[in-house]
Amino acid sequence: MHWRITLEAIDPLAEGYRKEFMIEKDLDGLADGKLGCSIEDGKAIMKEVQKIIIERQLDLWVRYCRACPTCDGLLPIKDYNERKILTVFGEIPVRFPRLMVCQKCNPACCFTFSPAADICKDRATPELLELSARLGARFSYREASEVLATFLPDQSARTFTTLRNRTLALGKRIEEAERQQRWFEDLTYSDRSQHELALTDDPAREFVFNADTAHIPLIKRYGGRTFEAVVGHFGRGGRGDPPGPVFAFEGTLPRELKAAAALALKRQGYADQGDITVISDGAECLKRLASMLPQPVTHILDWFHISMKVQPIAQLASTAPKHRSSFGGRIERIRWRLWNGQASRALSLIARVRRDLSRDTVPSIWAHRADKLLETLQVYIRRNQGSVVNYAERYREGKRVSTAPAEASVNRLVAKRFVKKQQMRWSRTGAHYLLKVRASVLNGDLSQRTKYEAPKQPIPANIASFISPTPPLFRAA
């Protein structure tokens, strides 16, 4: 059985462009349930359709570029080039001319240009690059390459290194677009000299940074076992509202933190109004983030990490000896004081409990374990005492008190791709670019993040006069 597929173009030139091609389907497999077109048939059909459409589009584009804007003549053709363009539906060989500048308008110029080469500078369509980056960000490069080869034509010959290079190239473009945005746009914000009135019924006025760090295995030849990456959300609103877009990058350098904070403020529309709050687990690199933002900024110690250090002590209290029956109640009082922002009273109660444990004449394993857990909690609260706030009051006002969104993003961005699921080591550059792509995929703005148009700068008067000098007669008049 033969099938004829006909494509007819309706374009501005009103020409009868018509192409046909044949496919063959036998009837031998009907008994086995082979109905319709298979994946291989679909690949062959879409590749042929893609080839016909691309040839017609390039032909129209070359015709448009050959028209001289000055004399309405045709630009001369010097020679023809051949190139293969990678698309989602196959590798398409094309033949296009190289044009010379108009010899009538510019007889002294003889340089050439290729109108078709400017369309696909990467020799691949942006859709294919974005699709490769999306799959490479979600799965391992080898698995993503196998998925592409299963459903798309001419992808089986591509190795997983090709997909890796595409993914990292897209991450590099995101980095360059962010660098251009920081260069051309004013992302500096002045400190506020006056506090705004507190409105308890308006949690949306608060801009919240939820940030956390993650450890990524490092390639052995670079030295060290792991390196840190920063993952977080920046948004506005209270508890239960969307946490905002996610940001992620390798390293904890101050300039990277400051650049990420400036871009986050820009994207959320910060205009020197509203409260800025940073919620973190007390890491030193994240504490520096509060000093880089427009002041005043409130830094809050994450309640989740405080609770995770109190919970083992509360569980240990269920196995306390009979003469330590009041131990569980004292731990609950420590938790209550921390929840209500009474860090000093909580530290003093921890010191009294530890002192009572040390008075036992007969040492025990239970007392030693309880003392170690209390010491860990005491050191943690003492180092971050200035960041302990009244969590109960913030909770009643509907504000955020923990970095739960950041913890979930660490699991989605880092743990599933870098640590748990994929047992491999990473370079700092590769992890940085891949984190950029994964964060953009999670936010759903991968296409927008790679494109940034710098604002047009006005040409200075001295340069403008040099480029377009005023004629002598006009200057004399």
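Me: How many aromatic pairs does the count come to?

Reply: In this predicted model, the count comes to 11 aromatic pairs.

Me: Why is the pair of Trp61 and Tyr64 called tilted?

Reply: The ring centres of Trp61 and Tyr64 are 5.6 Å apart, and the limit for a pair is 6.5 Å. Their planes meet at 35°; stacked requires under 30 degrees and edge-to-face over 60. The angle falls in the remaining class, so the pair is tilted.

Me: What makes Trp61 and Tyr64 separated by about one helical turn?

Reply: Both belong to helix α1, where they are 3 residues apart; therefore about one helical turn separates them.

Me: What makes the pair of Phe209 and Phe247 edge-to-face?

Reply: The centres of Phe209 and Phe247 are 6.3 Å apart, within the 6.5 Å limit. Their planes stand at 70°, and over 60 degrees counts as edge-to-face, so that label applies. The pair links distant parts of the chain, with Phe209 in strand β6 and Phe247 in strand β8, 38 residues apart.

Me: How do you know whether Phe209 and Phe247 are buried or exposed?

Reply: Phe209 has 1% relative accessibility and Phe247 has 15%. Buried means under 20%, so both residues are buried. Phe209 and Phe247 also belong to one aromatic cluster together with Phe207, Phe234 and Phe249.

Me: What makes Arg239 and Arg417 count as charges over rings?

Reply: Arg239 lies over the face of Tyr395 at 3.8 Å from the ring centre, while the charged end of Arg417 sits 5.0 Å from the centre of the Tyr141 ring.

Me: Why does Glu175 count as buried, and which residues does Glu175 touch?

Reply: Its relative accessibility is 8%, against a limit of under 20%, so Glu175 counts as buried. This residue lies in helix α4 (residues 160–184). Leaving aside residues up to four places away in sequence, Glu175 touches His432, Tyr433 and Lys436.

Me: Which residues have the most contacts inside the largest nonpolar core?

Reply: That core has 37 residues, and those with the most contacts inside it are Ile216, Val414, Phe418 and Trp426. Elements supplying at least two residues each include α4, β6, β8 and α12 (404–419). Helix α13 gives the most, with 7 residues. Val414 touches, among others, Ala214, Val231 and Leu435. Another core, of 33 residues, lies apart and includes Ile331 and Val389.

Me: What makes β3 and β5 edge strands?

Reply: The open sheet has the order β3-β4-β5 with antiparallel pairing, and β3 (77–87) and β5 (112–113) each pair on one side only.

Me: How do you know that β4 and β5 pair?

Reply: They are joined by 2 bridges in the antiparallel sense. Met100 stands opposite Thr112 in β5. Helix α1 (residues 39–66) lies across β3 and β4, at about 10° to β4.

Technical notes:
Residues are numbered from 1 along each chain as its sequence is written. This is a predicted model: local features need pLDDT of at least 70, side-chain atom pairs count only at pLDDT 80 or more; totals for chains, interfaces and linings use all residues. Side-chain values use heavy atoms; hydrogens and water are left out. Helices (H or I, at least four residues) and strands (E, at least two) are DSSP runs, numbered from the N terminus. Buried means under 20% relative accessible area, exposed over 50%, partly exposed in between (1.4 Å probe, protein chains only). Contact means heavy atoms within 4.5 Å. A nonpolar core is a set of buried Ala, Val, Leu, Ile, Met, Phe, Trp, Tyr and Cys residues joined through side-chain atoms within 4.5 Å. Two strands pair if DSSP finds at least two bridges between them. Axes are lines fitted to C-alpha atoms, for helices over the stretch in contact, and angles run from 0 to 180 degrees between N-to-C directions. Rings of Phe, Tyr and Trp (its six-membered ring) pair if their centres lie within 6.5 Å; planes under 30 degrees apart count as stacked, over 60 as edge-to-face and the rest as tilted. A charge sits over a ring if NZ of Lys or CZ of Arg is within 6 Å of the ring centre and within 35 degrees of the ring normal.
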